[in-house]
Structure formats: C-alpha cells, structure tokens
Amino acid sequence: MKGYVKTICRKVFDYAINILDMPIIRDPTDRLVVGEKPNSDKHIPFEKNEIEILWGLQYNDLVKIFLIDLYCGARPNEIFITRKDNIFLEENYFITGSKTESGKDRIIPIHPKIKHLIKYFSNKDEEYPFKTIFDKFNYNKFSRESVKLMEELNFNHTPYDCRHTFITKMKKAGANEYILKLIVGHKIKDITERTYTHRNIQELYEEIKKIN
C-alpha cells in the first residue's frame with residue numbers, strides 16, 4: 001500500500017512541475033523510502049474442473065477473456081491493449097506487452113484451443129477489439145465484473161490467476177524455460193540465451209501446444 005501512495009505522490013509532483021510549471025525544484029518523493037515489496041503468494045492456479053466450467057460458459061465475453069488468458073499467459077491488462085492489427089490468426093500469434101522491456105511488444109502464440117475466441121474478437125471493427133466486452137470499457141469495470149463472476153461461480157480467483165495457471169501448467173508440461181520466459185515477458189538472465197538465440201514463432205507455437 002505504501003508503494004501505491006508513493007506512486008500517486010510522484011505523479012502529483014510530476015504534474016505540478018512539468019504541466020503546471022509550479023516553482024518546485026525537485027520531487028521530494030525521490031527520498032521517500034517505503035521498503036521492499038513482499039513477495040505475493042495470493043495467486044492460486046485454476047483447477048481442471050474450474051477450467052472445464054469456464055469452457056461451458058464461453059458464450060459470455062468476460063469468460064472468453066479468462067479462457068484466453070489461461071492459454072496465453074498474458075497479464076490481464078495486456079489483452080486489452082492488444083490492437084486489432086497486431087493479431088495474426090493465420091500465423092497463430094498476436095503482439096502485445098507491457099510493464100518491462102522484456103514484456104513490451106512481444107510475440108504471444110495462439111493456442112489452438114483459444115483460436116476461435118481470438119477470432120471472435122479480431123472480427124470486431126474496433127482498434128482494441130478485446131475492450132468490446134463492455135460498453136465504455138475501463139479496467140476498473142473489468143475488475144469489478146471479474147469479482148462478481150468469480151463469486152457467482154464460487155471460485156476463489158482473480159484475473160491474474162490465469163497467468164499464474166498458464167505458467168504453472170507450462171512448467172509441469174516440461175516447456176523450455178527460455179521460450180516460456182519469452183512468451184510471458186520475464187527477463188532472461190542467461191546472457192548467451194538472451195543475446196544470441198533467436199526463437200521463431202513456430203518454436204513458440206509448438207511449445208505452447210504442450211498444455212491442454
């Protein structure tokens with residue numbers, strides 16, 4: 001929570017200095033120490049029977065997003081910033097990404113099980129087709145509706161659990177460590193792998209098919 005407060009304060013001072021041109025020499029939050037963010041253990045993988053229930057509800061657009069996330073490993077917000085012209089159905093991948101240099105503008109292969117769901121959204125005549133799940137989309141509404149959906153299904157999950165489920169399933173399936181990191185946007189520490197190895201789309205696609 002302290003970290004969020006610091007972020008808000010930083011944005012306020014940044015706005016005051018750069019937009020309002022107020023006589024502030026420096027941002028005092030630079031010296032504000034909030035401590036290290038503890039590792040979170042709140043993410044719980046979806047159980048097999050829970051995923052099967054979601055497949056039975058795939059007519060619901062919000063459920064479609066959960067299913068897509070379960071089989072691609074993207075962060076929830078990354079789905080919604082995906083542009084229509086960055087979806088390549090015939091080649092079985094789309095481009096999206098956020099947060100870090102490792103995560104930006106990355107190739108995410110489309111698992112065969114969700115190709116029809118991706119196609120459903122890509123047929124929408126909108127720049128950001130996944131946002132069409134709601135009128136006047138915003139992420140807060142997505143979060144609220146996700147909570148309601150999970151309560152209705154009696155599931156103890158958040159949207160981010162989809163990404164956690166994907167990573168867990170890929171590891172159990174024996175997926176290549178570096179390809180998995182490329183797909184989910186994690187930093188690759190191995191210098192040789194990071195610098196000299198270039199994975200093609202087909203390699204990513206074949207790896208993602210290891211999960212079902």
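Predicted model: local features only at pLDDT ≥ 70, side-chain atom pairs only at ≥ 80, totals over all residues.
Contact here means heavy atoms within 4.5 Å. Residues are numbered from 1 along each chain as its sequence is written, and side-chain values use heavy atoms, without hydrogens or water.

Q: Which residues of α3 does α2 meet?
A: Both are helices, meaning DSSP runs of H or I with at least four residues, numbered from the N terminus (strands are E runs of at least two). Helix α2 covers residues 48-56 and brings I51, L54 and W55 to the contact. Their partners in α3 are V63, F66, L67 and L70.

Q: How many residues of each class does the contact of α2 with α3 have?
A: Ala, Val, Leu, Ile, Met, Phe, Trp, Tyr, Cys and Pro count as nonpolar, Asp, Glu, Lys and Arg as charged, and the others, Gly among them, as polar. By that scheme, the contact of α2 with α3 has no polar residues, no charged residues and 7 nonpolar ones.

Q: Why are α2 and α3 oblique to each other?
A: Under 35 degrees is roughly parallel, over 145 roughly antiparallel, 65 to 115 roughly perpendicular, and the rest oblique. The axes of α2 and α3 lie 9 Å apart. The two helices are therefore oblique, with an angle of about 135°.

Q: What handedness does the crossing of α3 and α5 have?
A: Helix α3 (residues 61-70) packs on helix α5 (residues 115-122) at about 130°, with axes 10 Å apart. A near helix turned anticlockwise from the far one by less than a right angle is left-handed, and clockwise is right-handed. The crossing of α3 and α5 is left-handed.

Q: How many charged residues are in the contact of α3 with α5?
A: From α3 come D61, K64, I65, L67 and I68, which meet L117, I118, Y120 and F121 of α5. Of these, 7 are nonpolar and none polar, and the charged ones number 2.

Q: Which strands stand at the edges of the sheet?
A: The open sheet has 3 strands in the order β1-β2-β3, with antiparallel pairing, where a pair needs at least two DSSP bridges. Two of the strands have a single partner each, so one side of each lacks a neighbour in the sheet: β1 (87-88) and β3 (106-109).

Notes:
Axes fitted to C-alpha atoms, helices over the stretch in contact; angles between N-to-C directions.
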